[in-house]
Amino acid sequence: MPWPSRKRDKGAVADKKEPDAKIAKTENETSDKEEEEMSAKPPAGSSKSGWKNWKKKESESGGEESKITYCHWLLKSEPESRLEKGVDVKFSVDDLKAQPNQTTCWDGVRNYQARNFLRSMKLGQQAFFYHSNCKEPGIVALVKIVKEAYPDHTQFDQKDPHYDSTSRKENPKWSMVDVQFVRMTKRFIPLSEIKAHHLAHKADGGPLKDMMLFSRQRLSIQPLTQEEFDFVLSLEEEKPH
């Protein structure tokens, strides 16, 4: 039986150490229509080896919006207890490891862009498990996608904090995937360290220059280019700064 919605709120809560963010404020501030329109637009990113399978279909009128398919991800989850509508949304990597077969559904996502990213995930793709909204946010583990997107059951559960009365079973608004624990990172990789590299790369054109973790910090599901994923993973081999 899957866990209740312990992982996410409507949009990831801003990390406590991210100075430009307002804590306890979600990103779900636009109307459904506005947010669906916004979510259709791909994020900025100009890495030559990154946003794989970029496909642009030309039409007689001048072409359609470019579509990007991603190969790696960053999944935010809260490791510390926080009640939302009477339900504790805490879900740490230790909670994941305690699940049968170390596998769980990634439910409770209520942001259109994050949902669309969930729907883009493919079997076997790897993601960073990121502890968010805690004393020291950062990457703690690797997980992999073991079941592609399917309807999120919590949208129909009136007792669940993520219940959505506007969603219909014949046409569900919200999706989830199943993830499985792969391994802990060799060391904890803190947000502060990743941000230091991001700022340096913005100046010199390095792989983290456009990392979404710093442009859409409240987004609970984030895509990573191959370059971003490889660089961040390489940090586990270095001594902490």
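User: Which strands does helix α4 lie across, and at about what angle does α4 run to β7?
Analyst: This is a predicted model, where local features need pLDDT of at least 70, side-chain atom pairs count only at pLDDT 80 or more, and totals for chains, interfaces and linings use all residues. Residues are numbered from 1 along each chain as its sequence is written, and side-chain values use heavy atoms, with hydrogens and water left out. Helices (H or I, at least four residues) and strands (E, at least two) are DSSP runs numbered from the N terminus, and angles (0 to 180 degrees) are taken between N-to-C directions of axes fitted to C-alpha atoms, for helices over the stretch in contact. Helix α4, residues 191-204, lies across β5 (126-131), β6 and β7, and its angle to β7 is about 85°.

User: What is the strand order in the open sheet, and which strands stand at its edges?
Analyst: Strands count as paired if DSSP finds at least two bridges between them. The open sheet has 6 strands with mixed pairing, in the order β4-β7-β6-β5-β1-β8. Each edge strand has a single partner, so one side of it is left without a neighbour in the sheet; these strands are β4 (103-106) and β8 (221-224).

User: Which residue of β8 is the bridge partner of W73?
Analyst: β1 (residues 72-77) and β8 run antiparallel, joined by 4 bridges. In β8, W73 is partnered by P223.

User: Which strands does helix α3 touch?
Analyst: Contact here means heavy atoms within 4.5 Å. Helix α3, residues 112-120, packs on the sheet at about 95° to the direction of β7.

User: How far apart in sequence are the parts tied together by the Y112 and W174 pair?
Analyst: Rings of Phe, Tyr and Trp (its six-membered ring) pair if their centres lie within 6.5 Å, with planes under 30 degrees apart called stacked, over 60 edge-to-face and the rest tilted. The Y112 and W174 rings have centres 4.8 Å apart and planes at 35°, so the pair is tilted. Y112 lies in helix α3 and W174 in the loop between β6 and β7, so the parts they tie together are separated in sequence by 62 residues.

User: Is T154 buried or exposed?
Analyst: T154 is found in the loop between β6 and β7. Its relative accessible area is 1%, so under the 20% cut-off T154 is buried.

Notes
Buried means under 20% relative accessible area, exposed over 50%, partly exposed in between (1.4 Å probe, protein chains only).
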